[in-house]
Amino acid sequence: MFTVEIEDQEVVAALQRIGEALTDMTPVMQDIGELMVYSTKSRFLAGEAPDGTPWAPKSQTTRDSYARRRDPIDDRPLFGPSRRLSSEIHYSAGSEGVEWGSSLIYAATQHFGAARGSFGTTRRGGAIPWGDIPARPFLGLSEGDRADVLDTVNSWLERVARGGG
């Protein structure tokens, strides 16, 4: 066995910067969060799940409901009259990781879907939801997202090693 000592100050400094940066990965997690919010919002425009599967179209019953209320009808799936779901995607990042999604009460139902009546009934006995809601996954990593996250991490490490922030 043998030992090699590195006495190059620039190399030692770069290794120290990487070590220090790895103790708080908040900056790279924030970059990933921004990336995932952008990707998720883009997914709404494309109308597809992270795996590329197209979302189920808006049902005629939903269109009729909008018409009865005189709400504008947007034929794109997951675009309701308020357009809140597609626009209210946020992230929270820290040293340990990043989470992104929507805080809207109906977001999980839209993402995972729900069977008619799976949330009980109204006071009048009507099913909640009143019909089956197909799953339209909008959260997750696509293959493109995965590559972008890896590029982001690699770029971040390179910047840190060079002494940048």
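Predicted model: local features only at pLDDT ≥ 70, side-chain atom pairs only at ≥ 80, totals over all residues.
In which crossing, left-handed or right-handed, does helix 2 pass helix 6? Helix 2 goes past helix 6 in a right-handed crossing; a crossing is left-handed if the near helix is turned anticlockwise from the far one by less than a right angle, and right-handed if clockwise.

Residues are numbered from 1 along each chain as its sequence is written, and side-chain values use heavy atoms, with hydrogens and water left out. Helices (H or I, at least four residues) and strands (E, at least two) are DSSP runs, numbered from the N terminus.

**Two partners of helix 6**

Axes are lines fitted to C-alpha atoms, for helices over the stretch in contact, and angles run from 0 to 180 degrees between N-to-C directions.

| Pair | Angle | Axes apart |
|---|---|---|
| Helix 1 (residues 9–23) and helix 6 | about 130° | 7 Å |
| Helix 2 (residues 26–46) and helix 6 | about 155° | 10 Å |

Helix 2 is therefore roughly antiparallel to helix 6, and helix 1 is oblique to helix 6. Angles under 35 degrees count as roughly parallel, over 145 as roughly antiparallel, 65 to 115 as roughly perpendicular and the rest as oblique. Helix 1, too, passes helix 6 in a right-handed crossing.

Contact means heavy atoms within 4.5 Å. On the helix 1 side, A14, R17, I18, A21 and L22 meet W156, L157, V160, A161 and R162 of helix 6. That contact has eight nonpolar, no polar and two charged residues. Ala, Val, Leu, Ile, Met, Phe, Trp, Tyr, Cys and Pro count as nonpolar, Asp, Glu, Lys and Arg as charged, and the others, Gly among them, as polar.

**Two backbone details**

Most residues other than glycine have a negative phi, and most peptide bonds are trans. R70 is not a glycine, yet has a positive phi of about 60°; R70 sits in the loop between helix 3 and helix 4. I128 and P129 are joined by a cis peptide bond, with omega about -10°. You will find P129 in the loop between helix 5 (107–112) and helix 6.
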